[in-house]
Amino acid sequence: DAGPDALARAKQEFLKELQIDPGNADAEYILGVLAQRTQNFDEAIIRFSQATKLDQNFAEAYLGWGACLLSDKKYEEALVPLQHAERLTPGNPNVHNALATAFARTGRKAEAEREFATLRSLSATDHSNAPAENRPQ
């Protein structure tokens with residue numbers, strides 16, 4: 001049931017889930033996503049960070065954490081979670097795009113260029129959006 005209060009209701013449900021299971025990394029992650037959607041970056045950063053503490057292999061939580069730090073103009077701080085996300089999912093173009101942005105904003109031009117090159121390379125080999133007849137078999 002989508003409605004004007006859907007995000008608030010979803011947040012309440014996942015907060016209840018955390019009361020039942022405080023170690024639920026997925027609930028922390030979803031709360032981070034909900035906070036990010038409303039541009040509440042402080043809460044999103046806390047939620048994504050907590051999700052990574054609960055599950056050190058939660059690549060999307062590291063990416064969300066880093067993306068929120070970028071949105072909050074905390075470019076240097078964003079590097080640590082984004083680099084962790086890259087180690088967990090080296091083929092994720094979203095991670096390389098975020099890393100390239102963080103490196104560029106911190107004046108680390110060579111590293112930014114390397115990430116942009118990786119992003120271009122991944123984009124050139126990503127055929128997932130190509131029509132079926134054009135996808136490699």
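Select Tyr-62 and Trp-65 to begin; both residues are buried. The model is a predicted one, and in it these two rings form a stacked aromatic pair, with 6.3 Å from centre to centre and 25° between the planes.

How many aromatic pairs does a search of the whole structure find? The search gives 3. Next, select Tyr-29 and Phe-58. Their ring centres lie 4.9 Å apart with the planes at 35°, so this pair is classed as tilted. Colouring by secondary structure shows Tyr-29 in helix α2 and Phe-58 in the loop between α3 and α4; the pair therefore ties together parts that are 29 residues apart in sequence.

Are Tyr-29 and Phe-58 buried or exposed? Tyr-29 has a relative accessible area of 18% and is buried. Phe-58, at 12% relative accessibility, also counts as buried.

**Helices α2 and α3**

Now select residues 25–37, which are helix α2, and residues 41–54, which are helix α3. The two helices pack at an angle of about 160°, and their axes are 8 Å apart. Since this angle is over 145 degrees, α2 is roughly antiparallel to α3. Their crossing is left-handed.

To see the contact itself, display the side chains on both helices. On the α2 side, the contributing residues include Ala-25, Tyr-29, Leu-31, Gly-32 and Val-33. On the α3 side, they include Phe-41, Glu-43, Ala-44, Arg-47, Phe-48 and Leu-54. By residue class, the contact comprises 10 nonpolar, 3 polar and 3 charged residues.

Centre the view on Glu-43, in helix α3. Its relative accessibility is 17%, so Glu-43 counts as buried. Which residues does Glu-43 contact, leaving aside its neighbours within four places in sequence? They are Lys-11 and Ala-35.

**Two loop residues with positive phi**

Most residues other than glycine have a negative phi. Move to the loop between α2 and α3 and select Gln-39. Although Gln-39 is not a glycine, its phi is positive, at about 60°. With a relative accessibility of 59%, Gln-39 counts as exposed.

Then go to the loop between α4 and α5, and select Lys-73. Lys-73, also a residue other than glycine, has a positive phi near 60°. Its relative accessibility is 62%, so Lys-73 counts as exposed.

**The whole chain**

Along the principal axes, the C-alpha trace spans about 45 × 40 × 30 Å. The chain has 137 residues, of which 36% count as buried. Among contacts in the chain with a separation of 6 or more, residues 24 or more positions apart account for 40%.

Conventions: Residues numbered from 1 in each chain as written. Predicted model: local features only at pLDDT ≥ 70, side-chain atom pairs only at ≥ 80, totals over all residues. Heavy atoms only, no water. Axes fitted to C-alpha atoms, helices over the stretch in contact; angles between N-to-C directions. Helix = DSSP H or I, 4+ residues; strand = E, 2+ residues; numbered from the N terminus. Parallel < 35°, antiparallel > 145°, perpendicular 65-115°, else oblique. Left-handed = near helix turned anticlockwise from the far one by under 90°. Contact = heavy atoms within 4.5 Å. Nonpolar A, V, L, I, M, F, W, Y, C, P; charged D, E, K, R; others polar. Phe/Tyr/Trp six-rings, centres within 6.5 Å; stacked < 30°, edge-to-face > 60°. Buried < 20%, exposed > 50% of the residue type's maximum accessible area, 1.4 Å probe, protein only.
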